[in-house]
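Let us walk through this fold together, going from strand pairing to ring packing and then to the helices. Please keep the model open as you read.

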Amino acid sequence: MGKLDTTTSFSPEKQREVELFGSLFCPYTKQATRFLEEKGISYIYKEVPMVFGWKLPLKNYLEMKRRSNGLKTVPQIFISGDYYGDEE
């Protein structure tokens with residue numbers, strides 16, 4: 001998979017749809033959202049609720065797991081519908 005273009009010569013017409021599945025109290029989700037915001041990249045955030053580290057099997061969790069081939073960690077990032085990666 002290609003790397004996300006983070007150059008400063010970014011033009012809005014080149015921007016692709018970015019989806020981020022994450023959890024409110026996850027430090028990796030915070031790091032990913034901060035990175036996207038610092039680079040001026042708009043994204044769609046989909047909350048995956050967690051209770052004591054356990055992800056509730058709700059709509060966003062099930063969609064994330066299906067689209068990431070069974071991965072259960074957050075954040076999971078998709079660009080223009082293609083899987084980009086997780087916290088690593």
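Glutamate 19 has phenylalanine 78 as its bridge partner in E5. Strands here, like helices, are DSSP runs numbered from the N terminus (E, at least two residues, for strands; H or I, at least four, for helices). E1 and E5 pair in the antiparallel sense, over four bridges; two strands count as paired if DSSP finds at least two bridges between them. A word on the source: this is a predicted model, in which local features need pLDDT of at least 70 and side-chain atom pairs count only at pLDDT 80 or more, while totals for chains, interfaces and linings use all residues. Residues are numbered from 1 along each chain as its sequence is written, and side-chain values use heavy atoms, with hydrogens and water left out.

Now step back to the whole sheet. Four strands make up an open sheet with mixed pairing, in the order E2-E1-E5-E6. E2 and E6 stand at the edges with a single partner strand each, so one side of each has no neighbour in the sheet. From one strand to the next, the twist averages 25°.

Follow E5 onward and you reach a hairpin. E5 and E6 pair in the antiparallel sense over three bridges, and isoleucine 79 has aspartate 82 as its bridge partner in E6. Two residues lie between the strands of this hairpin, where serine 80 takes a positive phi near 50°.

Next, look at the rings. The structure holds two aromatic pairs, a pair being rings of Phe, Tyr or Trp (its six-membered ring) with centres within 6.5 Å. In one of them, the centres of phenylalanine 21 and phenylalanine 78 are 5.7 Å apart and the planes are at 80°, so the pair is edge-to-face; planes under 30 degrees apart count as stacked, over 60 as edge-to-face and the rest as tilted. This pair joins distant parts of the chain, with phenylalanine 21 in strand E1 and phenylalanine 78 in strand E5, 57 residues apart. Ring pairs link Phe21, Phe78 and Tyr83 into a cluster. Phenylalanine 21 counts as buried because its relative accessibility is 0%, and phenylalanine 78 counts as buried at 1%. Here buried means under 20% relative accessible area, exposed over 50% and partly exposed in between (1.4 Å probe, protein chains only).

Which residues of helix H2 are buried? In H2 (residues 59-67), they are Tyr61, Glu63, Met64 and Arg67. Seen down the helix axis, the buried residues of H2 fall within an arc of 165°, so they line one face; the arc is that of the directions from the axis to the C-beta atoms. Lys59 and Arg66 are exposed on the other side of H2. Glutamate 63 counts as buried at 17% relative accessibility. Leaving aside residues up to four places away in sequence, glutamate 63 touches Glu19, Phe21 and Lys46, where contact means heavy atoms within 4.5 Å. To finish the helix, asparagine 69 follows H2 with a positive phi, near 60°.

Methods
Axes are lines fitted to C-alpha atoms, for helices over the stretch in contact, and angles run from 0 to 180 degrees between N-to-C directions.
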